[in-house]
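Me: I'd like to go through the charged pairs in this one. Can you walk me through them?

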Amino acid sequence: MKLIINADDFGCTIPVSLGIIEGKRHGLISSTSAIVPARDFPYCAKYALEHGIRHMGLHCMLTMLPPTLPACKVPTLVDETGSMYGRKQFLEKEVNIHEAEAELENQIRLFLETGLQLDHIDTHHGLMQKNSAFTDLFIRLAAKHHVPLRNEFSRHTRPDTPDILQKIKNSGIRMTDILYFNHEKPYHTTEDLIRFLQKAKKQYQTAEVGCHPGHSDDYLRSLSVLNDDREKELDVMLDPRLRDYIEKNRIEIISYEQL
């Protein structure tokens, strides 16, 4: 089995990004995806390039932060403060799909302008699953930019999931067979991941583990409820027991650009 271990939220804060780079250089993280609207993204992108990291995914952000476009151009995406809505409000609201597409295309433009190369598309808060129009939007973006798409459909299936997967296959878009997040706990443990891999290697050719490693600080605590637990997840990505299991079971760690 080939396995991608993707760290979400690169650029969210500087300490989170430094933790992800640590996990890529010394641990098992093989891929990461960036939050372009984040305040610290430009600095973190420059730092990544200086340290030889040239490929990343786009962690598509349509919630929580200010948009990269002027708020007046995406009025259905923003609240009265000019920031994008929280996840619950976003999922409940009528959102103009053309505004969402314009915002995401602008995030891709800003991402590429840093010199980074785009190697896949995934979403913050599982936005790919909002409705069929949003699913089609992400399929369209992946096809246009010739990159793989995260298989979020393997986690939250809908009645039309078989049709969606066939549409993605017909579009020539690459995906892993399965995506794993452990949302029963605030972070992965080594034992959780080994249990997943024991089952997955018998059923799938390719798999992705999504994770949120990094270092915490007060700024991150003001942004997200997922803060200090990132330190624990980084420890898991550096755990020699997990590396030993993967190597002994001949699981091949790959990046999205290798998918």
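This is a predicted model: local features need pLDDT of at least 70, side-chain atom pairs count only at pLDDT 80 or more; totals for chains, interfaces and linings use all residues.

Me: Fine. How many salt bridges are there?

Reply: The count comes to 19 salt bridges.

Me: Let's take Glu-50. Which residue does Glu-50 form a salt bridge with?

Reply: Its partner is Lys-46. The closest N and O atoms are 2.6 Å apart.

Me: Where do Glu-50 and Lys-46 sit relative to each other?

Reply: Both are in helix α2, residues 41–50. They are four residues apart, so about one helical turn separates them.

Me: Is Glu-50 buried or exposed?

Reply: Glu-50 counts as exposed because its relative accessibility is 51%, and the cut-off is over 50%.

Me: And Lys-46, buried or exposed?

Reply: Lys-46 is exposed, with a relative accessible area of 51%.

Me: What about Asp-244, which residue does its side chain meet in a salt bridge?

Reply: Lys-248, at 3.3 Å from N to O.

Me: How accessible are Asp-244 and Lys-248?

Reply: Asp-244 is partly exposed, at 34% relative accessible area. Lys-248 counts as exposed, at 64%.

Me: Change of topic: Arg-150. Which side chain does Arg-150 meet in a salt bridge?

Reply: The side chain of Asp-122, with 3.6 Å from N to O. Arg-150 lies in the loop between α5 (132–145) and α6 (161–170), and Asp-122 is in strand β4, residues 117–123. The pair therefore ties together parts that are 28 residues apart in sequence.

Me: Are Arg-150 and Asp-122 buried or exposed?

Reply: Both Arg-150 and Asp-122 are buried.

Me: Which residues are linked with them in a network of salt bridges?

Reply: The network links Asp-8, Asp-122, Arg-150 and Glu-208.

Me: Tell me about Asp-8. Where is Asp-8 found?

Reply: In strand β1, residues 2–10. Asp-8 counts as buried because its relative accessibility is 2%, and buried means under 20%.

Me: What does the Asp-8 side chain make a polar contact with?

Reply: The side chain of Arg-150, at 2.9 Å.

Me: Which residues does Asp-8 touch, leaving out those up to four places away in sequence?

Reply: Ile-20, Ser-33, His-59, Asp-122, Arg-150, Phe-181, Cys-211 and His-212. Asp-122 and Arg-150 also belong to the salt-bridge network with Asp-8.

Definitions and conventions:
Residues are numbered from 1 along each chain as its sequence is written. Side-chain values use heavy atoms; hydrogens and water are left out. Helices (H or I, at least four residues) and strands (E, at least two) are DSSP runs, numbered from the N terminus. Buried means under 20% relative accessible area, exposed over 50%, partly exposed in between (1.4 Å probe, protein chains only). A polar contact is a pair of N or O atoms within 3.5 Å; within protein, one must be able to donate a hydrogen and the other to accept it, and residues adjacent in sequence count only if both atoms are side-chain atoms. Contact means heavy atoms within 4.5 Å. A salt bridge is a side-chain nitrogen of Lys or Arg within 4 Å of a carboxyl oxygen of Asp or Glu.
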